[in-house]
Amino acid sequence: MKIFQYIPTASFFLGGGEIVPLNQAIALANEHHEVTLGIARTNLKDKLLGSYDLSKINIIEFDVLADHEGFVNSLENTHKEIHMIYLGLSRKVNEYLTENKFDIVITHYPPANFCIPKSTQLVFFLHGVPPNWDTIGDEALRLADKIIAVSNSVG
């Protein structure tokens, strides 16, 4: 399968929401799938991703909007800033996915779902549910073709 794993934050922050998709991308590539990882272009990439063997994975870097560059070159970001980065990359990612057909796109963060073309199968891994679910979360769930909860309690 030709798989696009979209996790732009993996280039500048490595928390659970990035580590799980990175390990997933590596596992899928090791199973002989053609995996492309979509990340934000940043100065921190080599420092953070250097410990991962991404040799079997294609990497596409997306340039963030000028007013978001400070976010991606910092290790301290709020959820609001992260949302802004995802939403700011939406048009570029949508254009890339429209031009480069994939069998599925995998996302792990609600704002990622807004850039996926409707013609592409979207698998959304749900890692948690915020105490006050919002419009972004509701829409992200609606846009996904498949939703995989990472635990029974999240499900």
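The following legends describe close-up views of a predicted model.

Residues are numbered from 1 along each chain as its sequence is written, and side-chain values use heavy atoms, with hydrogens and water left out. Because the model is predicted, local features need pLDDT of at least 70 and side-chain atom pairs count only at pLDDT 80 or more, while totals for chains, interfaces and linings use all residues.

**View 1. The aromatic cluster.** Rings of Phe, Tyr and Trp (its six-membered ring) are paired if their centres lie within 6.5 Å; planes under 30 degrees apart are stacked, those over 60 edge-to-face and the rest tilted. By this rule the count is seven aromatic pairs. Ring pairs connect Phe4, Tyr6, Phe62, Tyr86, Tyr96, Phe102 and Tyr109 into a cluster.

**View 2. The pair Phe62 and Tyr96.** These two rings form an edge-to-face pair, with 5.7 Å from centre to centre and 80° between the planes. Phe62 belongs to strand 3 (residues 57–62) and Tyr96 to helix 4 (residues 79–99), so the pair ties together parts that are 34 residues apart in sequence. Helices (H or I, at least four residues) and strands (E, at least two) are DSSP runs, numbered from the N terminus. Phe62 and Tyr96 are both buried, where buried means under 20% relative accessible area, exposed over 50% and partly exposed in between (1.4 Å probe, protein chains only).

**View 3. The pair Tyr86 and Tyr109.** The rings of Tyr86 and Tyr109 form a tilted pair, 5.0 Å centre to centre with 45° between the planes. This pair links distant parts of the chain, 23 residues apart: Tyr86 is in helix 4, and Tyr109 is in the loop between strand 4 (104–107) and strand 5 (121–126). Tyr86 counts as buried because its relative accessibility is 1%; Tyr109, at 15% relative accessibility, also counts as buried.

**View 4. Lys2 at a ring and at a strand.** Lys2 lies over the face of Phe102, at 4.9 Å from the ring centre. A charge sits over a ring if NZ of Lys or CZ of Arg is within 6 Å of the ring centre and within 35 degrees of the ring normal. In strand 2, Glu34 stands opposite Lys2.

**View 5. Strand 2 and its parallel partners.** Six of the seven residues of strand 2 (residues 34–40) are buried. Strand 2 runs parallel to strand 1 (residues 2–6), joined by five bridges, and parallel to strand 3, joined by six bridges; two strands pair if DSSP finds at least two bridges between them. Gly38 has Ile60 of strand 3 as its bridge partner.
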